[in-house]
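Me: Hi! Could you walk me through this one, starting with the ligand?

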Amino acid sequence: MLGRVEKYILEKIAVERAIHMTLIDPEKITPTQAAIVAENSESSGSTAIMIGGSTFSSKDHLDVVVQAIKEAVDLPTILFPNNETGVSKYSDAIWFMSLLNSVDPYYLVGAQVLGAPLIKKFNIEPLPMGYIIVGQGGTAGVVGKAKTIPYDKPELVAAHALAGQYFGMRFIYLEGGSGVANPVPANVISAVKKCLDIPLIVGGGIRTQEQAAVVTKAGADIIVTGNLIEAVDNKQRITEVIKGIKQKGSN
Ligand code: 1GP
């Protein structure tokens, strides 16, 4: 049986065709700021708040950030961990993810083995997801020891995604790397989308309405933005990105 958050995500995609999630990196933000960003995201039409970063280390800080977000909004929280320290008992759900193109077994299954008992103990809903780092890959690529797949090899990205689906993962995430200059290109997204029966998440470097429209039109079901929340006018920027996502939806 599907969990509450997964059901909510799938229903939202079914109704809206594509949805937005806001990523908050707890390392870069205070609990008060996180609450404001979450409120801005909710009122702009974002679907969920993801919490995590590539270099996070303090678990106590993660806990207070998640609590502040939970108090501020009704949107579900989904942890986006870089290892087993990214588990917080206050979150509704967690991307239970394996970095499919890592050369380090720790990022394929090691961290997950260490985190799984905590997820069970805290009754956090696991959302099984295959994570693939493509292009430049940013910090996540370095930390996760990924053999990043170049943007000109869409068939290789698609093969990784299909392998994830055949493993039983219920979401695939194409990560271009936080803050990269060029988001995952449309031809890579469409090549992956063509062979998948599960929702496709795309993130990394998406900053504008136009970019969000391109990524959505190419086949992304969930569009993640992180960095743009750091802008003073983050509410405006999130609203524009969501406009781009809906632009496609109404085509
Ligand atoms: C990073 O895909 C996410 O893990 C979001 O990237 O910070 O560039 O929006 P940005």
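**Ligand site and fold**

Reply: Happy to! Sorted by class, the ligand's shell holds three nonpolar, eight polar and one charged residues, where Ala, Val, Leu, Ile, Met, Phe, Trp, Tyr, Cys and Pro count as nonpolar, Asp, Glu, Lys and Arg as charged, and the others, Gly among them, as polar. This is a predicted model: local features need pLDDT of at least 70, side-chain atom pairs count only at pLDDT 80 or more, and totals for chains, interfaces and linings use all residues. Residues are numbered from 1 along each chain as its sequence is written, and side-chain values use heavy atoms, leaving out hydrogens and water.

Me: Which residues are around the ligand?
Reply: They are L23, F80, Y173, E175, S178, G179, G203, G204, G205, T225, G226 and N227, each with a heavy atom within 4 Å of the ligand.

Me: What lies 2.6 Å from an oxygen atom of the ligand?
Reply: That's a polar side-chain atom of S178. A polar backbone atom of N227 is 2.8 Å from a ligand oxygen; polar contacts here are pairs of N or O atoms within 3.5 Å.

Me: And how much of the ligand does the protein bury?
Reply: The protein buries 95% of the 310 Å² that the ligand exposes when taken alone (Shrake-Rupley method, 1.4 Å probe).

Me: Switching to the fold: how many strands are in the barrel?
Reply: Eight, in a closed barrel running β1-β2-β3-β4-β5-β6-β7-β8 with parallel pairing. Strands are DSSP runs of E, at least two residues, and helices are runs of H or I, at least four; two strands pair if DSSP finds at least two bridges between them.

Me: How many bridges join β4 and β5?
Reply: Seven, between residues 93–99 of β4 and 125–133 of β5. In that region, F96 stands opposite P128 in β5.

Notes: A polar contact is a pair of N or O atoms within 3.5 Å; within protein, one must be able to donate a hydrogen and the other to accept it, and residues adjacent in sequence count only if both atoms are side-chain atoms.
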